[in-house]
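Thanks for making time this morning, everyone. Let me put the chain up on the screen, and then we can walk through it together.

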Amino acid sequence: MSRLPRLRSSSPDHHLTSELAPALASAAYVNTRKRKSNIIDEEEDDENDSLNITNPAHSTNSKDDSNYSEAQDKLTELGAERPRKVAAIGGAGSSRPTRARTVSTSAATKGKGPLGPSKTAPNLNSSGSSDKGGTKVPTLSSSNFGKGLPKSALSTSRPPLTLSKSTTRGTSAPPPSSSGGRSGPVRVPVTTARKPPSTSAATTTRGVGRTLRSTASSSSSSARPTKPADKLTTIQEQLASLEAARQADSARLAQEMASERSKLTELQSHQVALSKQLTEAKSLELNHRRELITYADELDEMRKKHKTEVMELEIELRRREREARESAEDLRVTRGDLDRERSTTEHLRSTLHTQAQTHLTLTAENAALKAQLSNLQRELEKRDEEVREMKLEVEEKEKRVVQMKKEVFESETIRRKLHNMVLELKGNIRVFCRVRPVLSSDLPSTASIEEVEGEEELETIKEEMKANMAFPDKRDHKEIVLYSSSESAMGNERKEVYSFGFDRVFEPASTQSEVFEEISQLAQSCIDGYNVCIFAYGQTGSGKSFTMEGGNTDSTAGMIPRAVEQVFRVAEEMRSKGWEYKIEGQFLEIYNESIHDLLSTSTSSDPSKKHEIKHDPKTSRTTVTDLTVVPLTSPSQVKLLLARAQKRRSVAATLMNERSSRSHSVFTLRISGMMVGTGSSPSNAEAEGSEVIAGTGETCEGCLNLVDLAGSERLNVSFGPGVTEKERVKETQSINKSLSALGDVIAALGERGSGGIGSGHIPYRNSKLTYLLQNSLSGSSKTLMVLNLSPLAAHLSESLTSLRFATKVNNTQIGTAKKVSKTNS
Ligand SMILES: Nc1ncnc2c1ncn2[C@@H]1O[C@H](COP(=O)(O)OP(=O)(O)OP(=O)(O)O)[C@@H](O)[C@H]1O
């Protein structure tokens, strides 16, 4: 860049223009004259054709004028072109030469810019159009022409030549630049400036010819009839004047041609010199342009490099700024952390202070605790000593427990013996008497409850219905007295008193639990391995079923559920004493001397099933074939069995009406026990942790029979309307047979026990009932008969019969009961 001014100063415009202008002007002039001469020749030919007049002088003048004009244009062009090129180099700076030339050309065409009209253009005076004068010849003014040309070329004594500006040239040539401030040369358009003068001259010449011809023709046409000779004379005069003028011009032009030729020679030598200078200038310009290109390339390179560096610096700057921001953020965070750390440190200091105080306190407490610990250790040692002593004591006591258990076992055996002795002393067959209360159902239909107004009246009626009974033994409850009055044959009232004594008499107000309290001893005997048989004897409606089965509530539960409950309870108690028990139950009915299974799950009784009674003399065990035997695991299970049996009896009752009153039902509870010892069985929970007592293997099997006998009445009072005579007779015979057989068996047992006659035979086989209860009625069993009595006076006779039968049984000595047991040892 710094070298550019130097280039501009070394090539000033004015210097190059002053050197080139003369040579260019002469060269342009020669070329222009050559071309112009050809054009003039052509125009002269045209004029000669139209006028048929040959005028060499005029031809020469026209050719010279046009050549001069063209040379002037060429000079103008050359003079304008050189400064333009130099100006382009100096002014454009970095612009390339070729490009500058192109721009200059277009600008010259438009007549604008540095290549506008040159200063020489205004010097070309236009001295009017040839159209006006018609004969005016264009002249070149020497004063104007001298500018821009070498003085040597203009110093000729050539007459002033006035270049008449034609209308065509004036309108087509561009006007002088209005920007006047520009000092560059104005280029005259070459194309338009070259031809119009000659064309104008030719046109003028041709116009003159045509004018002459038209004038001649018009004058000849108009004057011919009048003065043709005058016209011809006028024309000849004009021709003469024209010829004189032409000759003068020819002479002048010849002189000028000579001077022009010498100028041409001089100009050619100048042209050669200028060509050399031009070549040198071009090479210099080329070098400068190369340098410029090189500098421009270097400049571009430097600019790119600079731009790259600037960009890198900007990136670096942004990176530094970002790092600065990050550093500032880190600094802020670090300050925050530092503040927090300071506060934490403060807090820790205060905590440390507190901890130090706490440490002192704890140290003091620790010392105290150590002292306390040593005390506790001493105490612990003392306690350990005590524990050891207590362990020894426990061991001693455990030994005592084992010893006591053995004593319990032995005492249990003794208890059983004593219990059995007590029962034997009481008698192996005992009789209880129970009188049921008067029920609302006992009231006559004429005195139903609804009709009875008050409780007292009801009680009064009940008292009136009662038989005259008394229970004089208020201490032992063993006596019942019945009073009856009858008329004798003489008509006198005969009062009779019947006193009966039994093992226990239960008044109407007695409860189920009071009755069972006496019976429970027999249940205990059953668990101990004795066969027990409990009868409920009495007329229909006397309360046999109530006594044996009872009601649905716990308070009204009968002997069967209570006995079962007690058996389970005692069996559980005996478990801790080394005894394991298995309990089974069966429930059958004897009706018309045939056995029916009341626990069968079939809906109807199978007549094909014949239940037979079998006795095992070795085990003294009685079994009934095809009878359902249910293992019992809980007392509540018995209630379900009783309900099932009741259901089957109800089904049978629909067929035979009140069959329960006309049949014997026997519930048998079979209890099998074994002395397995303690700890030998996982189910013996109480033995865990205690010393194991080996089982003796002793077994026992008891059988508890709870019998609800058929109604003992011998009259047909309770038979229903649906019972046929034959059935009635058969039922009555069966009941009488079985009950009398029972009485016979008891009587036979009594006789054998007392050593009387017929002691050898016991008629068990006379009825199914006695045969079934053979082992429970023999001397090896305990038998209890509960006599149920109706309290009603209407049933007094039957009550007396029952009391007499019971007394007979009660007076029987069956013998000594035997325990059914085996000992492995
Ligand atoms: N001690 C009593 N206390 C209250 N009610 C009783 C008592 N004894 C019996 N009964 C009632 O008397 C009625 C007859 O009793 P139950 O059916 O037991 O007589 P039964 O002798 O068994 O007659 P059947 O021989 O016809 O079976 C029943 O309604 C019963 O509830």
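Let's start at Thr540, which is found in the loop between strand E6 (531-538) and helix H13 (544-548). Helices and strands here are DSSP runs numbered from the N terminus, helices being H or I with at least four residues and strands being E with at least two. Before going further, please remember that this is a predicted model, where local features need pLDDT of at least 70, side-chain atom pairs count only at pLDDT 80 or more, and totals for chains, interfaces and linings use all residues. Residues are numbered from 1 along each chain as its sequence is written.

Now Lys544, which lies in helix H13. Lys544 has 29 C-beta neighbours inside 10 Å, so Lys544 counts as buried. Setting aside residues up to four places away in sequence, Lys544 touches Ala536, Gly538, Asp708, Leu709 and Asn788. Contact here takes C-beta atoms, placed from the backbone, that lie within 7 Å.

Why look at this stretch? An unreviewed UniProt entry has a "binding site" annotation covering Gly538, Gln539, Thr540, Gly541, Ser542, Gly543, Lys544 and Ser545. UniProt positions follow the numbering used here, feature names are shortened, and annotations may be inferred rather than shown by experiment.

Tyr537 counts as buried because it has 26 C-beta neighbours inside 10 Å. Which residues does Tyr537 contact, leaving aside neighbours within four places in sequence? They are Leu709, Ser712, Met785, Val786, Leu787, Asn788, Ser802 and Ala806. Take Ser802: Tyr537 and Ser802 are 265 residues apart in sequence, yet 7.9 Å apart in space, C-alpha to C-alpha.

Ala806 leads us to the core. Leaving aside neighbours within four places in sequence, Ala806 is in contact with Val431, Cys433, Phe502, Tyr537, Met785 and Leu787. The largest nonpolar core has 76 residues, and those touching the most other members are Cys433, Cys526, Ile534, Ala563, Val567, Leu787 and Ala806. A nonpolar core is a set of buried Ala, Val, Leu, Ile, Met, Phe, Trp, Tyr and Cys residues joined through C-beta atoms within 7 Å.

Next, helix H14. Its 17 residues, 559-575, should span 24 Å at 1.5 Å a residue, and the end C-alpha atoms are 24 Å apart, which agrees. The expected span is 1.5 Å times one less than the number of residues. Buried residues in H14 include Ala563 and Val567.

On to the strands. Strands of a sheet pair through backbone hydrogen bonds, either parallel or antiparallel. We call two strands paired if DSSP finds at least two bridges between them.

Strand E12 (residues 664-675) is mostly covered, with 10 of its 12 residues buried. Strand E7 (residues 579-591) runs antiparallel to E12, and 12 bridges join them; Trp579 has Met675 in E12 as its bridge partner. E12 also pairs in the antiparallel sense with strand E15 (residues 699-708), over 10 bridges, and there Ile671 is partnered by Gly702 in E15.

E7 has another antiparallel partner in strand E8 (residues 594-597), joined by four bridges. In that pairing, Ile590 has Ile595 in E8 as its bridge partner. The hairpin of E7 and E8 has two residues between the strands, and Asn592 takes a positive phi near 50°.

There is also an open sheet of three strands, in the order E2-E3-E4, with antiparallel pairing. Strand E2 (468-470) and strand E4 (493-501) are its edge strands, each pairing on one side only. E2 and strand E3 (residues 479-487) pair over three bridges, and Ala470 stands opposite Val481 in E3.

Let me finish with the whole chain. How many helices and strands are there? The chain has 19 helices and 17 strands. Buried residues make up 32% of its 825 residues. Of the contacts with a separation of 6 or more, 77% are between residues 24 or more positions apart.

Notes
Buried ≥ 20, exposed ≤ 12 C-beta atoms within 10 Å, placed from the backbone. Contact = placed C-beta atoms within 7 Å.
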